[in-house]
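Here is a short briefing on one protein model. Keep the sequence and the 3D view open while you read.

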Amino acid sequence: MKKPLNFLLLIILILGLVSVSGCADKTEKTGVYMASDELVIAMGTHGGEPESGFDPITGWGYNHEPLVQSTLFKRGSNAVVINDLATDHTISEDGMIWTVTIRDDAKFHDGMPLKAGDVAFTFNKAAASAGRVDLTMLEKATAIGDNTVEFTLRNPQSTFINKLIGVGIVPEYAYTGSYGQNPMGSGPYIFKQWNKGQQVIFEANPDYYGQEPYFKKLTIVFMEEDTAFAAAKAGRVNIAEIPHTYANQVVNGKRIVSLETIEACGITLPTGPNTGEKTEDGYPVGNNVTSDIAIRKALNIGIDRLSLVNGPLNGHGAVEFTGVDKLPWGNKEAIFEDGNITEAKRILRDAGWIDTDGDGIVERNGVKAEFTLLYASSAQDRQVLAVAVSEQARELGIKIKVEGASWDKIQNMAISTPVVFKYGDIDPTDVYLRYHSESYDPSNWNNMIRYNNPVVDAYLQNAMTSPDEETAVEYWQLAAWDGETGYSEKGDAPWLWMASINYLYIVDENLDIGTPVIQPHGGNIFGNILEWKRTEN
């Protein structure tokens with residue numbers, strides 16, 4: 001678990017860093033001397049401290065810019081795939097062989113050339129380690145000479161390009177079990193120092209093959225959002241991740257940046273009843289209220305999502321209906337009219353849910369329409385959305401008891417108890433893992449409610465194994481709604497999706513962060529770091 005930095009110690013630390021880095025080219029913009037080509041960034045949850053180190057084999061850099069390492073491909077500001085180390089790639093007709101050629105001028109930070117053997121080693125090692133990036137579809141990666149890598153898949157995989165984006169390349173000759181503590185790569189920044197629980201320092205790579213970074217030094221300090229805001233207000237950091245409660249704050253020399261994301265926030269609604277079954281660890285399975293599709297549909301139709309965005313999120317977000325509304329594989333036919341309390345009550349009444357004792361809560365066969373809703377106790381945005389949904393549900397005659405909990409408790413209870421989750425991945429594999437019946441895996445948070453629809457399973461399987469992305473997109477969309485069934489509200493409604501949530505940062509007024517890339521779950525604030533610059537000195 002990350003430890004937030006004590007604020008006083010942080011200030012001492014930052015002042016110390018600045019004094020050590022002293023040089024003639026200084027500017028005073030916000031109360032602290034700092035070189036104009038240096039940045040101090042306060043991060044907590046989005047781009048914060050990696051518990052297992054800066055090792056791509058174990059997940060560092062997945063879904064966000066790894067800074068130290070290069071990747072074969074990246075996504076540009078418009079989410080289009082662009083080359084990084086790769087110069088070209090081809091796919092065999094059967095989709096089983098992906099061949100990637102790489103540039104011949106990339107060097108690791110110690111000056112050694114990066115070769116195809118390093119790429120093959122990285123992917124084979126990552127596949128064998130079963131880290132955060134799922135590479136179970138990869139049979140092997142093989143270097144063909146110094147500049148060509150051949151990836152042999154076990155099955156065709158329409159989403160494989162995302163794996164080539166998500167894994168930073170490590171040097172085979174210098175990779176050890178402690179690599180994550182002192183990483184080396186060929187990326188735009190060189191790892192210099194990591195004070196665990198406090199900060200990490202990167203310096204620009206003078207031999208980088210790409211565009212030269214404007215900022216020569218990045219110091220990322222790790223702290224909770226409230227402390228980060230205070231540090232930014234005091235002028236001790238240039239950028240800080242902040243909670244939505246500070247969205248309307250005015251700070252001299254700073255501006256608030258609200259980054260649109262694809263991070264969708266939703267509530268799981270377990271679809272199976274509680275029959276007395278227990279998990280291997282003795283926890284209950286199923287829920288006798290949310291297992292009724294009438295309850296799930298009534299909540300989906302009755303909740304007013306726009307009021308959630310304009311209220312708890314202060315307008316920094318967007319309504320969300322399927323969890324993938326903003327992505328190419330989102331199905332517009334699956335979107336519906338919400339905030340319809342009359343229709344929600346009709347659905348409940350027709351299903352036999354009636355308030356017979358006048359307490360405002362409907363019941364059926366002696367079962368009250370009430371359940372507990374868990375959220376991670378450390379997440380303010382999840383808490384405010386959970387409370388707001390609870391208040392709206394009461395109007396429908398459904399009682400929701402909101403409870404903050406640890407992730408350990410949530411992991412044990414999620415198979416029987418609704419939970420506020422957030423998802424947002426540019427890789428549609430995320431949809432497969434969330435809804436395919438065989439994906440159930442509590443250790444990886446996959447299909448925690450054991451949703452099971454054979455028709456949806458078939459669409460998801462076809463999407464994964466499609467020979468091209470265009471065909472795959474059609475199947476992804478059908479899985480949401482095909483006119484008769486699907487995972488959306490128009491079908492089985494196993495989720496109550498609420499909103500996609502913007503990430504908020506307080507930023508120096510004279511700092512231009514260009515056009516940020518698409519922000520997935522966890523954020524990717526450094527995704528376009530090479531565009532960042534000062535607008536004045």
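L72 touches N83, D84, L85, A86, V100, I102, V119, F123, F151 and L164, leaving aside residues up to four places away in sequence. Contact here means heavy atoms within 4.5 Å. This is a predicted model: local features need pLDDT of at least 70, side-chain atom pairs count only at pLDDT 80 or more, and totals for chains, interfaces and linings use all residues. Residues are numbered from 1 along each chain as its sequence is written, and side-chain values use heavy atoms, with hydrogens and water left out.

**Nonpolar core**
- The largest nonpolar core has 37 residues, and L72, V119, F123, F151, F160 and L164 touch the most other members.
- Such a core is a set of buried Ala, Val, Leu, Ile, Met, Phe, Trp, Tyr and Cys residues joined through side-chain atoms within 4.5 Å; buried means under 20% relative accessible area (1.4 Å probe, protein chains only).
- At least two core residues come from each of β7 (97-102), α2 (116-129), β8 (138-143), β9 (148-153) and α3 (160-166).
- Helices (H or I, at least four residues) and strands (E, at least two) are DSSP runs, numbered from the N terminus.
- α2 gives the largest share of this core, six residues.

**Seven-stranded sheet**
- The strand order of this open sheet is β10-β11-β12-β3-β13-β23-β14, and its pairing is mixed.
- Two strands pair if DSSP finds at least two bridges between them.
- β10 and β14 (254-259) are the edge strands, each pairing on one side only.
- On average, neighbouring strands are turned by 20° against each other, direction ignored.
- β3 (residues 38-43) and β13 (residues 239-242) run parallel, joined by two bridges.
- A42 has A240 as its bridge partner in β13.
- Helix α4 (residues 225-233) packs on the sheet and touches β3, β13, β14 and β23 (503-508).
- The direction of α4 makes about 145° with that of β13.
- Axes are lines fitted to C-alpha atoms, for helices over the stretch in contact; angles run from 0 to 180 degrees between N-to-C directions.

**Edge hairpin**
- β10 (residues 189-195) and β11 (residues 199-204) run antiparallel, with six bridges between them.
- F191 stands opposite F202 in β11.
- Three residues separate the two strands of the β10 and β11 hairpin, and G197 in the turn has a positive phi of about 80°.

**Helix pair**
- α5 (residues 293-302) packs against α8 (residues 380-396) at about 115°, with axes 10 Å apart.
- A298, L299 and G302 in α5 meet Q392, A393 and L396 in α8.

Methods. Buried means under 20% relative accessible area, exposed over 50%, partly exposed in between (1.4 Å probe, protein chains only).
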